[in-house]
Amino acid sequence: MQRPARPQPSSPAPAPTPTRRPAPGRPEPAKPPADLARVVRALDEGKQLAEQHDRPDLGSHLDQARKRLDQQVLGVAIVGEFKRGKSTLVNAMLQTDVCPTDADIVTAVPTIVRYGAEPSAVAQLEPAAGADGSPDSQIVEEPVDVDRLAELVSEAADASWRRRLRSVEVRLPHRLLKTGLSLVDTPGVGGLESAHGIVTLGALRTTTGVIFVTDASQELTKPEVDFLRQAMERCPAAVCVVTKTDLYPSWRRIVELDRQHLKTAGIDLPVIPVSSFLRLRAWRSPKLNEESGFAALFDWLRTSVLENATELAAAAAHRDLGFVQEQLRLEVAAEQQVLAKPEASAEVVGALRRRSERTRKLVERGNGWQQFLFDGIDQLIADVKHDLAGRMRTVVRDVEAVIDQGDPKETWPDIEVWLQRQVVRAANENHELLNERAAQLATDVAEAFALESEEPLELGLTAPVDVLRGLSFDPAQLAAPDSQKMVRMLFAGRAALIPVTLAGSAASFFAGSLLLLAAAPVVAIGVGFIGRKLIRDERQRQLTYRRQQAKMSCRRYLDEANFVIEKDCLDSLRRTRRELRDEFQARAGVMHASSQRALTSAERAASLTPQEREQRAAELADKRAEIERLGRSTRTASRGAA
Amino acid sequence: MSPHDDPLTAAVRELVGVARDRALDPVSRDQLAEAVDRLSGPLRLAIAGRVKAGKSTLLNALVGEELAPTDAGECTKLVTWYIGGHAVRVIAVHKDGRREQRPFSREGGALDVDLGAPVDTFDHLEVSWPSSRLQDLTLVDTPGIASLSTEVSERTSTLLSAEDDRPPVVDAVLYLFRHSHASDVRFLEAFHDDELGRGTPLNAVGVLSRPDEIGSCRLDALTVAARVADRYERDPRIHRLSPLVLPVAGLLGQAGTTLREEEYRALAMIAALPEDVCNELLLTADRLLADDADVMLTPLERAHLADRLGLFGVRLSVMLIRNRTVRSATELAQRLAADSGLEELRGVLARQFLERSRLLRARSALATVRAVLRRGGCADADRIDARVEEVMSTAHEFVEVRLLTDLRTGAVTVAERLEEEMDRLLGGSGHSVARRLGLPEESSVPQLLDASYAALDRWRRVESSPMTSRDARIAARGVVRTCEGIVATLVPARV
């Protein structure tokens, strides 16, 4: 084949050189809806109010809620087959060239692009050699030069570096990212059905949105549709992007065919044709931007990812606000009750005392819900271990059967790929079980917690709730007057967030060790050489020997894999236990403080003279109104999401 | 019996004839009769691979005419045979073996066959077409695997799981695959497309298809493709299945073989545009086809160019015309055919398959006999089987083929420095004496003789060396025998 001449400067094709810093004044997706700002304001007001009421504990509770809101990361994963233009799509969205792209070489590790005031990049590395790869060792972060990323994340990178590299996090000052959006460019190696594909699929659970990338050269294939279906089970906010529309005259037909295929498969998601090539050139002429089709993609991002996530975040903040409100209300309401019906004060004080006793128990170590949590985690650990062992045993059996069918000298490369895939699949399924069960456990603990605090709450609050009903108040909140349901809602909301904490920060966006497993070779010492060494021996004997060697290598690999996966699971379960315990402990503390204070003020109110009572009642009515006003302005907007 | 048979073909023909006469059931008899016919028929070459790999396009390029319909979507739904013949005819073969001539039209260039019944009632289509290129080569187009149209996939998978002792339908296979990653579990999938018979290292060629699309149709796409193909060739997994991987741009090749004067003129007209207008026009496919483009060609004419050459082909052609690398339609056609890799593929087919076809067909015939015997479709099975064994082991051509297979699959290992020579001597890259010796075709007889004596000497030493393993010694003996054969053909030529 003759080598075609290098492109001339005049040739139409060479890729443009985009600027790294986004040019100002381009149409970009809207900033977060004003709604969120109102929620933030409401949280601030709540904090002030709590401090006025001399409750810094409630204030810090809201502080944390505020922090969660600020730090929310909306991960959007870019997934798809090899060489479909995933990295180019990320570049085109941001109009930069951070993600290296090449005609032949592929991205080898996930690249996460997030907001940062200055362009910077950090590589997450396995600790340097010598640490014998034991999973205890921490991931090392190493700052790298943004301009050298191409050499670092592609397959062309230096081998020893590549073995250690887990992921790269890039920070860019870009308006699109300022909303909390982070784009995750997934590795193109291996294709959708390989070990890497399965790792990616598993990671989708923790993302807010999925952009599936296919190109206009070909209609969707079966593996692609299968992947999409599984992806949508894990992350329903998905979109199918057809890239390279600039290259194929018949891209409209392909898009049409893709839509039909998806419809036939019963998958309902938008198909958006785009041209990254045009978008990358668009900084020179805005007209191209329109033609590139990215507007539709940004629309989708705004409506399906940003707004949805914002609503969820706002709803969570509201639940926190509601909790604080409830706590503040308790004290005032108890006093009001005594003032309104002095003859029943003994009864109220008695109920409050019992309640205080309950909340004290909640705070105590080794109480019911804590026991429940600890037992639950132990049970979970046992179950997950058992499940993993079972899966690994199946893999061992299968792989041995496969080895026995052929000559490892020839089939080894296939076996290796297959084995990695099976292991990663097993680990992934195990991980999903763990996630599901952990979420369930969180809900159960929340229920147990609510159950323990239930009785006094009901007794103490019957009257105030009636008072509440009198005020014109959000009926949605009142539909659940018993706090058990409310606490459960609260924690159900938190439980939904548990998997995120399991998977950790964006750094370990992908269950890190799985990725490592997928990349680490199954070292079969000697399988390549034995053939030569023993050439004089019987062929059959050689074959048997090779099979034994192969099986040993596989078992060693599986042992190692088992160790790593199990360690991972245990670590995340312990983390879950710690987080749940801290969360509920703090809550119990707050509740105990509230009931104590309610008790004190009720007793104080009982000892007041009639005049003092009247005056106090007026003061309390003001306070009460203040509390009830809290967050009302924003509540209507987010009720749907709650 | 054909008068032109060489001793091997004659022996095989006789053997298959004997088996046919002893056949116990009509199916076996038909199969064996067909095997006899095939001994003197053209080489059958299947084009296999994943869907949308560009199989039909490559077929058209090889024939040099637009016969197989091609489309942006999945298009080939039936296995279709393209056979050289005097008359133009389309025969649909039903699942039950009925053959029926069907009407067809050829309006848009490609054949549009009126099947008159649902696709799934047919087994395959046979198209006879008068073309010199189909004279000694029958091409078989397949729908490919991993299709989303369920019925196509299902049909392929039932065929894949079919019993293993069916006789091979084709003699050689071209495996088409697109650029994909080496750790893709579907990396070797193209090679599993054994609908029509499994490829072996002897009768398979890997083709990296659609190389012009690698790297977004930039002008250096073909250079990158050559690099990719080279890497695939060195991948041990592929090397075992097909020692040769060639990048072939079917669309470019087809255009190169059939470029018309008016198409050249249209391209020249685009090339003559001012630089910025030209760049703008070729920026995207949509611009090239736009109604209001600033060029004296109708949108229809431009759509025709895009269809024929693809965006990459148009870009490449315009660049070649613009910087005066080519100055006429003929030159452009030559350049496209060469750049597309089609010429090289043709060379390989002629060198490796057509030369070897006699042998491959004899092998196919014997494989058929064995398949029938295993099924118990023949009387006197033991005797016939023994005879097959005898032919297999005595004909030195078969010995060479077996050794070559063993060498390429790694069943026999020799020192690395000898591997390449052994492959060549056994006819791995062509059967002519010069090719076997690794010398240029125009080498003189004394040169060839010198080289063959040297090779003979070398391999005798390998054979007798105490360091050589038993397997390798047997292999070396075969190579020595080959060298002796080469010397024997050269000696009379000298005197």
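Trainee: At roughly what angle do the axes of helix H1 and helix H2 of chain B cross?
Mentor: Please note that this is a predicted model, in which local features need pLDDT of at least 70, side-chain atom pairs count only at pLDDT 80 or more, and totals for chains, interfaces and linings use all residues. Residues are numbered from 1 along each chain as its sequence is written, with chains lettered from A and ligands numbered from 1 in the order in which they are written. The axes of H1 (residues 7–21) and H2 (residues 26–40) of chain B cross at roughly 165 degrees and come within 9 Å. Axes are lines fitted to C-alpha atoms, for helices over the stretch in contact, and angles run from 0 to 180 degrees between N-to-C directions. Helices here are DSSP runs (H or I, at least four residues), numbered from the N terminus.

Trainee: Roughly parallel or roughly antiparallel, then?
Mentor: H1(B) and H2(B) are roughly antiparallel, a term for angles over 145 degrees.

Trainee: New topic: where does A:Asp54 lie?
Mentor: A:Asp54 sits in the loop between helix H1 (34–52) and helix H2 (56–70) of chain A. Its phi is near 60 degrees, a positive value in a residue other than glycine. Most residues other than glycine have a negative phi.

Trainee: Is A:Asp54 buried or exposed?
Mentor: A:Asp54 is exposed, with 11 other C-beta atoms within 10 Å; the term applies at 12 or fewer, with C-beta atoms placed from the backbone.

Trainee: And what is phi of B:Arg324?
Mentor: Phi of B:Arg324 is near 60 degrees, a positive value. B:Arg324 is exposed, with 8 other C-beta atoms within 10 Å.

How values were computed. Helices (H or I, at least four residues) and strands (E, at least two) are DSSP runs, numbered from the N terminus. A residue is buried if 20 or more other C-beta atoms lie within 10 Å of its own, exposed if 12 or fewer, and partly exposed in between; C-beta atoms are placed from the backbone. Angles under 35 degrees count as roughly parallel, over 145 as roughly antiparallel, 65 to 115 as roughly perpendicular and the rest as oblique.
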